[in-house]
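I opened this model to see how it is put together. My notes are below, in the order I looked things up.

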Amino acid sequence: MFPSFEYALVFCLMISTGFSRSRPDNSKRSLANTTKLQEKQSFVVNNNCGLGQNERQTLSLIKEKVHEIAANIKNEPSCSTGWVQHGKSCYIVIDIPTAEWGAARRNCLKFGGDLAKITSKDENQFVYNLIGNQAYTTSLGVWLGLHRKADTKFYWTDGTLLAGYNNWAAGEPNSPSTEKCAQLYGKSSSRRGKWNDSLCKITWNGVNPVILCQKALK
């Protein structure tokens with residue numbers, strides 16, 4: 001018999017979760033089978049542990065708490081595989097230089113997102129760092145979800161007017177009649193991290209921005 005309730009509690013939890021001091025099972029289980037086994041493990045009140053009524057109630061409370069924590073973890077929002085979380089958004093870089101802003105946006109829409117909308121210094125720095133880790137990002141960086149409308153003002157792809165935070169490079173934006181899209185310069189540019197208004201289709205030198213998609217965290 002265990003000398004105290006604490007030892008009995010540990011012993012019951014070991015039995016309930018399937019842990020013991022015996023040698024580990026060295027049989028070759030598939031990952032799927034192992035996962036199923038883990039999913040089935042839970043804290044179960046074992047009335048044969050030699051515990052009194054109060055101790056069994058304590059075990060019941062532990063069981064309820066563990067299940068509550070597990071449910072909360074399962075319900076936490078998270079980004080899909082390949083996407084990176086920042087704040088309440090998920091981001092993914094499609095590291096392929098793309099000549100047309102419209103083509104870049106269509107690719108993001110296929111992934112359930114849109115071209116990135118940057119509304120703070122912190123977010124701008126995050127985006128800059130993210131594209132800095134890519135292999136094929138050029139000096140032109142990434143396309144932004146900004147475009148001019150008929151009034152020559154810049155709007156985000158969600159229809160909101162660009163207001164508040166911006167990070168335009170010196171002298172930008174300019175050429176409102178021709179440069180109707182925007183990009184963020186990459187780390188190999190002297191204007192790194194800054195924004196630039198640009199032609200919506202870049203045809204010179206084969207140097208183009210890559211694609212950065214953003215979607216809400218779910």
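**Entry 1: layout**

First a reminder to myself: this is a predicted model. I counted 5 helices and 8 strands in the chain. Reading along the sequence, I get the order α-α-α-β-β-α-β-α-β-β-β-β-β. The chain has 218 residues, and 35% of them count as buried. I also checked how far apart contacting residues are in sequence. Taking contacts with a separation of 6 or more, 70% are between residues 24 or more positions apart.

**Entry 2: the open sheet**

Which strands make up the open sheet, and in what order? I found 4 strands, in the order β1-β2-β8-β3, with antiparallel pairing. β1 (84-86) and β3 are the edge strands, and each of them pairs on one side only. Inside the sheet, I looked at β2 and β8: they run antiparallel and are joined by 6 bridges. For one bridge I noted the residues: Ile92 has Cys213 in β8 as its partner.

**Entry 3: around β6**

Next I went to β6, which pairs with β4 in the antiparallel sense over 3 bridges. Val142 is bridged to Leu184 of β6 there. β6 also runs antiparallel to β7, with 4 bridges between them. On that side, Cys181 stands opposite Ser198 in β7.

I then checked which way the β6 side chains point. Cys181 and Gln183 go one way, Ala182 and Leu184 go the other, and all are buried.

The largest nonpolar core has 21 residues, and the members touching the most others are Val127, Leu146, Leu184, Trp195 and Leu212. At least two residues each come from β2 (89-94), α5 (121-132), β4 (142-148), β5 (154-156) and β6 (181-184). Which element gives the most to this core? It is α5, with 5 residues.

Beyond its neighbours within four places in sequence, Val127 contacts Tyr91, Ile118, Val142, Leu184 and Leu212.

There is also a second, separate core of 16 residues, and Trp83, Ile92, Trp101 and Cys181 are among them.

**Entry 4: helix α4**

Which residues of α4 (residues 101-110) are buried? I have Trp101, Ala103, Ala104 and Cys108. They span an arc of only 165 degrees around the axis, so they are on the same side of α4. The face turned away from that buried side carries Arg106 and Lys110, both exposed. As for what covers the buried residues of α4, I noted β3 (114-115), β4, β6 and β8 (211-216) among the elements. After α4 comes Gly112, which has a positive phi, near 85 degrees.

**Entry 5: aromatic rings**

I found 5 aromatic pairs in the structure. For Phe154 and Trp168, the ring centres are 5.2 Å apart and the planes are at 50 degrees, so I logged this pair as tilted. Phe154 is in strand β5 and Trp168 is in the loop between β5 and β6, so the pair ties together parts 14 residues apart in sequence. Buried or exposed? With the cut-off for buried at under 20% relative accessible area, Phe154 at 5% is buried, and Trp168 at 14% is buried too.

Trp156 and Trp195 make an edge-to-face pair, with 6.0 Å centre to centre and 85 degrees between the planes. This pair links distant parts of the chain, as Trp156 is in β5 and Trp195 is in β7 (residues 195-198), 39 residues apart. Trp156 is buried at 3% relative accessible area, and Trp195 is buried at 0%.

Stepping back, I see that ring pairs join Phe154, Trp156, Tyr165, Trp168 and Trp195 into a cluster.

**Entry 6: charges over rings**

Last, I looked for charged ends sitting over rings. The charged end of Lys149 is over the ring of Tyr155, 4.6 Å from its centre. Lys215 has its charged end over the ring of Trp83, 4.2 Å from the ring centre. Trp83 was already in my notes as a member of the second core.

Notes: Residues are numbered from 1 along each chain as its sequence is written. This is a predicted model: local features need pLDDT of at least 70, side-chain atom pairs count only at pLDDT 80 or more; totals for chains, interfaces and linings use all residues. Side-chain values use heavy atoms; hydrogens and water are left out. A nonpolar core is a set of buried Ala, Val, Leu, Ile, Met, Phe, Trp, Tyr and Cys residues joined through side-chain atoms within 4.5 Å. Buried means under 20% relative accessible area, exposed over 50%, partly exposed in between (1.4 Å probe, protein chains only). Contact means heavy atoms within 4.5 Å. Rings of Phe, Tyr and Trp (its six-membered ring) pair if their centres lie within 6.5 Å; planes under 30 degrees apart count as stacked, over 60 as edge-to-face and the rest as tilted. A charge sits over a ring if NZ of Lys or CZ of Arg is within 6 Å of the ring centre and within 35 degrees of the ring normal. The arc is that of the directions from the helix axis to the C-beta atoms. Two strands pair if DSSP finds at least two bridges between them.
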